[in-house]
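This briefing covers selected local features of the structure shown below.

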Amino acid sequence: MTTKRTWMFLPLLALAACKDLPEKQILGKWRSVKVENAGRDEFFRLSKALIDTIGVGHTDEENMAIYGLTNMDSVRMAMRAEYDSAYAAQVAIETNSVFHFKADSVVTFSFPGRNETGRWYIDDKGELVIEEVNADDVVKKMAVAIRTLTPTEMKLTFTEETGMRSDTSVVTFEREKK
């Protein structure tokens, strides 16, 4: 009788084990709440420093020779407005992006101002693979490292190689409430 009971509960154990698989845990809607990117942060830091110092310490004649104008206060104000706009757009992307992973391997990405669709799967190395098709029907495949995946939080590491440079972002998502 004990053997029969054991065999009877095996399907329940298998079902419980499947629930912890990344393929099951990732299903649903995830909102980005934080992006860590040292290169991007350094870009904004250096840009702000440049804006704050452009034209400072020069005479009007020197500013005319270097920049072609003398009213550097107006230039700094315009550059600060551009900086603030770019920074605000970055923050909006960080906190208003939603990834929706569906059981049929379709993923939709909702970014401020645009939506995209692709396919997803977890490969043999445990990485999340996302395939997108662009307007020219070219498939772009991206392998994303899963750092953390819990019922409420997901952290993904996106690495983009462009020529000699590598750009890495760690994105933290929270599961959206139903």
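Tyr67 belongs to helix α4 in this predicted model. Its relative accessible area is 34%, so Tyr67 counts as partly exposed, between the limits of 20% and 50%. Together with Ile66 and Leu69, Tyr67 makes a nonpolar surface patch of about 250 Å².

- Asn71 sits in the loop that runs between α4 (60–67) and α5 (72–95).
- Because the relative accessible area of Asn71 is 42%, this residue is also classed as partly exposed.
- The side chain of Asn71 makes a polar contact of 2.9 Å with the side chain of Ser74.
- Asn71 and Gly55 are separated by 16 residues in sequence, and their C-alpha atoms lie 8.9 Å apart in space.

**The largest pocket**

- The largest pocket of the model has a volume of about 770 Å³.
- Its lining comprises 25 residues, of which Phe99, Phe111, Met142, Phe158 and Glu160 are the closest to the centre of the pocket.
- Two or more lining residues come from each of the following elements: β1 (28–36), α5, β3 (106–111), β4 (114–122), β5 (128–133), β6 (139–149), β7 (153–162) and β8 (165–175).

**Links between the topics**

Note on methods
Residues numbered from 1 in each chain as written. Predicted model: local features only at pLDDT ≥ 70, side-chain atom pairs only at ≥ 80, totals over all residues. Heavy atoms only, no water. Helix = DSSP H or I, 4+ residues; strand = E, 2+ residues; numbered from the N terminus. Buried < 20%, exposed > 50% of the residue type's maximum accessible area, 1.4 Å probe, protein only. Polar contact = N/O pair within 3.5 Å; in protein donor to acceptor, adjacent residues only side chain to side chain. Patch = residues over 30% accessible without salt bridge, like charges linked within 9 Å, V, L, I, M, F, W, Y side chains within 5 Å. Areas by Shrake-Rupley, 256 points an atom, 1.4 Å probe, with all protein chains shown as cover. Salt bridge = Lys/Arg side-chain N within 4 Å of Asp/Glu carboxyl O. 1 Å grid on protein atoms, 1.4 Å probe; cavity = no way out; pocket = protein on both sides within 12 Å on 5 of 7 lines; lining within 4 Å. Points joined across faces, edges and corners; volume = space filled by probe spheres on them.
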